[in-house]
Amino acid sequence: MAIDDILHTSHPLLHSNVAHANNKKKKKNINFVSLAKWVLKFTMWIVFLAWVALFFVIPTDFGSELYADWIAATNESLFGYTGSYLLLYSGPIIIIAFLAVPYLLISGEDQLQLQEYSHKNFVYFRKKTPRFRLWTFPVLVDGSLGVVSAAELIGIILFIVDLRNVNR
């Protein structure tokens, strides 16, 4: 008996009901992963928006009272006032970083970007081709500033132009 005879049998490796059960498990797993990613992303957005709102609320009277209460409640810790400020302003960013770790672990390599196109009533998918993007397009590659993208170069030029206008 040759190896080809063994490898090319006419019997399927899995019965159809087992394959169907595995397909259901995969769909449930995909739904769970999708829900978990959505919850993590939603939580990260809520924390980020609350952190941004913090900067707009603190200058108000209500925010000043909350700010004073926060400092009074947390300045008796080991780190004092510095720890209070650090926790208030960088705590949400640290929370976002800790939430991003499981999000990236769950998403893995599924962030493949596909472009959809149709031809003769069929839908095809292909990888998106690289395009010119202003924020990632390298303009200066081997300079004193390292790799400078087009957006960074525009920012540097606007900063220099603004400095010239201030000096007048």
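Start with L99: leaving aside its neighbours within four places in sequence, L99 is in contact with L40, T43 and M44, where contact means heavy atoms within 4.5 Å. Before you click further, know that this is a predicted model, in which local features need pLDDT of at least 70 and side-chain atom pairs count only at pLDDT 80 or more, while totals for chains, interfaces and linings use all residues. Residues are numbered from 1 along each chain as its sequence is written, and side-chain values use heavy atoms, with hydrogens and water left out.

**Stop 1**

Buried means under 20% relative accessible area, exposed means over 50%, and partly exposed is in between (1.4 Å probe, protein chains only). In soluble globular proteins, nonpolar side chains tend to be buried together.

Now click V101, which also lies in helix α4. Buried or partly exposed? V101 has a relative accessible area of 47%, so it counts as partly exposed.

**Stop 2: a greasy patch outside**

Select L35, W38, V39, F42 and I46. They form a nonpolar patch on the surface, with about 520 Å² of accessible area together. Areas like this come from the Shrake-Rupley method with a 1.4 Å probe, and for residues only the protein chains shown count as cover. Patch members have over 30% relative accessible area and no salt bridge; nonpolar side chains (Val, Leu, Ile, Met, Phe, Trp, Tyr) are joined within 5 Å, and like charges within 9 Å. A salt bridge, by the way, is a side-chain nitrogen of Lys or Arg within 4 Å of a carboxyl oxygen of Asp or Glu.

Zoom in on I46, found in helix α2 (residues 16–57). Its relative accessible area is 44%, so I46 is partly exposed.

**Stop 3: the rings**

How many aromatic pairs does the structure hold? There are 7. Show F48 and W51: the ring centres are 6.1 Å apart and the planes sit at 40°, so this pair is tilted. Rings of Phe, Tyr and Trp (its six-membered ring) pair if their centres lie within 6.5 Å; planes under 30 degrees apart count as stacked, over 60 as edge-to-face and the rest as tilted. F48 and W51 are 3 residues apart in helix α2, so about one helical turn separates them.

Next, pick Y67 and Y85. This aromatic pair is stacked, at 6.2 Å centre to centre with 25° between the planes. The pair links distant parts of the chain, 18 residues apart: Y67 is in helix α3 (residues 61–74) and Y85 in helix α4. Y67 is partly exposed because its relative accessibility is 21%, and Y85 is partly exposed too, at 34%. Leaving aside neighbours within four places in sequence, Y85 is in contact with Y67, I71 and S90.

To see one aromatic cluster, select W45, F48, W51, F55, Y67, Y85 and Y89.

**Last stop: zoom out**

Colour by secondary structure and you'll find 5 helices and 4 strands, in the order α-α-α-α-β-β-β-β-α. Helices (H or I, at least four residues) and strands (E, at least two) are DSSP runs, numbered from the N terminus. Of the 168 residues of the protein chain, 14% count as buried.
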